[in-house]
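Morning, everyone. I'll take a few minutes on charged side chains and how they pair.

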Amino acid sequence: MIKIGTYSYDEYIQLVKSFHGNMAPGLIIGGFMVDLAMKNLPPGEFYDAICETAVCLPDSVQLLTPCTTGNGWLKVLEFGRFALTLYEKYGGEGVRVYLDTEKLEKWPEIKSWFFKLKPKKEQNLQAILDQIKEAGAAIMTLQKVRVDPKTLHRPKLGKVAVCPGCGEAYPVRDGERCRACRGETPYL
Ligand code: ZN
């Protein structure tokens with residue numbers, strides 16, 4: 001039976017649907033990637049995660065490991081590379097798994113989905129998913145890596161004050177006003 005983490009393949013599909021909202025091929029590949037990384041963890045008790053893209057992979061990590069962006073154990077680097085790393089949080093020994101484009105040659109549906117070779121309406125989602133399920137870890141490569149945990153340290157919030165612009169609390173290290181009041185607000 002195909003397993004993804006501690007789940008059966010079908011259980012994982014159900015999780016993806018309820019958590020992510022739809023059946024994204026990237027989340028299924030991501031599930032196999034997390035599974036491969038977890039099977040190859042170096043010794044240690046506590047692991048942090050890195051995703052090198054904000055697309056799909058962070059959800060796979062959050063579904064299958066205790067690492068979330070909220071608890072700070074998952075860092076998302078917006079490199080746009082379909083790769084993730086699990087590493088021992090103190091020493092930094094880790095394993096990195098990436099989608100290996102050379103290995104995609106044998107899996108034309110996955111390749112055409114990944115490189116967006118066909119317009120979305122011409123894609124056959126079921127055929128893509130079937131190949132992903134069949135391929136499993138065969139489309140990825142695992143590397144041993146060493147992470148410098150210092151580079152990924154989340155800065156402490158530090159001193160907090162009330163912003164004179166909006167009246168909300170914000171970290172003093174950001175300056176006289178909060179970042180939103182200094183022009184970074186997304187709201188019109
Ligand atoms: Zn403000």
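What follows is a walk through some of the salt bridges in this predicted model.

Start with the total: how many salt bridges does a search of the whole structure find? The search finds ten.

Take Lys39 and Asp35 to begin with. Their closest N and O atoms are 2.7 Å apart, and the two residues form a salt bridge. Both sit in helix α2, which covers residues 25-39, and they are four residues apart, about one turn of the helix. Asp35, by contrast, has 7% and counts as buried, because the cut-off for buried is under 20%.

Next, Lys118 and Glu109. Here the closest N and O atoms of the salt bridge are 3.9 Å apart; the distance cut-off is 4 Å, so the pair is counted. Lys118 has a relative accessible area of 30%, which makes it partly exposed. Glu109, at 22%, is partly exposed as well.

Then Asp148 and Lys150, whose side chains meet in a salt bridge at 3.8 Å, N to O. Asp148 is partly exposed at 35% relative accessibility, while Lys150 is exposed, with a relative accessible area of 69%.

Key. Residues numbered from 1 in each chain as written. Predicted model: local features only at pLDDT ≥ 70, side-chain atom pairs only at ≥ 80, totals over all residues. Heavy atoms only, no water. Helix = DSSP H or I, 4+ residues; strand = E, 2+ residues; numbered from the N terminus. Buried < 20%, exposed > 50% of the residue type's maximum accessible area, 1.4 Å probe, protein only.
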